[in-house]
Amino acid sequence: MVGAAQRSNSAVTASAVRLFSATSTASQATPSSSTASPSTSSSDDSQISLLRNQLKYYAVAEIKNRPYLITKNDIIVLDRLKDVQLGDVIELNQIKELGSKDYAIQGAPYVSSEYYSIKATVIEQPKGKIVETFKKKRRKHFQRRYHIKPLHTLLRVSELEVKA
Amino acid sequence: MPAPLHPVLKNGVGAFIPQCRRLVFHYCERSGSSRGMIEYLKKDLIQFAKEHPHVEVIVTPRPSKHPVIRGLYLNGKDKVVCVRNMEPTDIAGKVALLKESAGNRMKVFKKPVISTTESVRGIWSPFHAAPHKI
């Protein structure tokens, strides 16, 4: 299902239509909504080749049900993952949107994994600074100070490639 | 913007290099606060050193002082943790904390993604956007 949005780019390039196409994951049995029917293979190829001809890409990855808009070389700051070690490479396969300057593929709910290869390396698992939450109800003699020292996992996006 | 004179390192993109390069364990043979530390050194440290060959492990007595673990990182900074009166399991937790850090100061991470790449879709400009229609 292709929807087109008119959007003019910078003065350097001619104004182009920004195409959005929804692709469902291969494992999904039925489409999530009536508008998100999978495209035919020929139009899929032409759409992905439009994306392939661009230079820079971004992706909206979903990790632990939270979206992260990432490009290559970015650092993702997550809450601590218990089951990873330093140096582990994680393949991200829940990608909600894969796009470039002029084109984007919106997943329904996720983009089919044959179109991309996105990997992230665990580079650090630090402790954050103390965060204080202060609660007070005035004139009620109630106040509390909660202190948290959050644990994080930092992932470096080592690879973000669009495959034809 | 002029190119930087030093290489811009992006640990993890091509190769991943663990940032902790040395752990120094100080203990006192006589004082009671080093009891858990001495037990850790005898029981768990050798296993840890074998599992992490990139970390140089140094054990040195430091008489009449509390037991201390000092981690040295690739950016030249160090982190010092006093482990007085701690049990070996707690000390193992502190060692893991030092091993997994990178020598930076503890800081508040305000944004979920830290990025130095320019925006892919470009910055919005009122002169290049479709005019608002009602």
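This is a predicted model: local features need pLDDT of at least 70, side-chain atom pairs count only at pLDDT 80 or more; totals for chains, interfaces and linings use all residues.
For chain A as a whole, I noted a mean pLDDT of 80, with 73% of its residues at 70 or more.

*Sheet in chain B.* Next I looked up the strand order. Chain B has an open sheet of four strands, ordered β2-β1-β3-β4, and its pairing is mixed. β2 (56-61) and β4 (78-82) of chain B are the edge strands; each has a single partner strand, so one side of each lacks a neighbour in the sheet. On average, neighbouring strands here are turned by 15° against each other, direction ignored.

*Pairing around β1(B).* I then asked myself: in which sense, parallel or antiparallel, does β1(B) pair with β2(B)? The sense is parallel, over six bridges. With β3 (residues 68-73) of chain B, β1 (residues 20-27) of chain B pairs in the antiparallel sense, again over six bridges. I followed B:Arg22 to both sides: B:Leu72 stands opposite in β3(B), while B:Glu56 is the bridge partner in β2(B). One step along, I found B:Leu23 opposite B:Gly71 of β3(B).

*Cover on the sheet.* How many of the eight residues of β1(B) are buried? I found six, so I logged the strand as mostly covered. Helix α1 (residues 35-43) of chain B lies across β1, β2 and β3 of chain B, and runs at about 130° to β1(B).

The largest nonpolar core has 28 residues, and A:Leu51, A:Ile70, A:Ile76, A:Ile95, A:Leu98, A:Ile118 and A:Leu160 touch the most other members. Among the elements of chain A that give two or more residues to this core are α1 (41-52), β5 (75-79), β9 (116-124) and β12 (152-162). As a background reminder to myself, nonpolar side chains tend to be buried together in soluble globular proteins.

Which residues are in contact with A:Ile76, leaving aside neighbours within four places in sequence? I listed A:Ile63, A:Tyr68, A:Ile70, A:Thr153, A:Leu154, A:Leu155, A:Val157 and, from chain B, B:Pro112. A second, separate core has 18 residues, including B:Leu45, B:Val81, B:Ile91 and B:Val95.

Terms used:
Residues are numbered from 1 along each chain as its sequence is written. Chains are lettered from A and ligands numbered from 1 in the order in which they are written. Side-chain values use heavy atoms; hydrogens and water are left out. Two strands pair if DSSP finds at least two bridges between them. Axes are lines fitted to C-alpha atoms, for helices over the stretch in contact, and angles run from 0 to 180 degrees between N-to-C directions. Contact means heavy atoms within 4.5 Å. pLDDT is the predictor's confidence in each residue, from 0 to 100. A nonpolar core is a set of buried Ala, Val, Leu, Ile, Met, Phe, Trp, Tyr and Cys residues joined through side-chain atoms within 4.5 Å. Buried means under 20% relative accessible area, exposed over 50%, partly exposed in between (1.4 Å probe, protein chains only).
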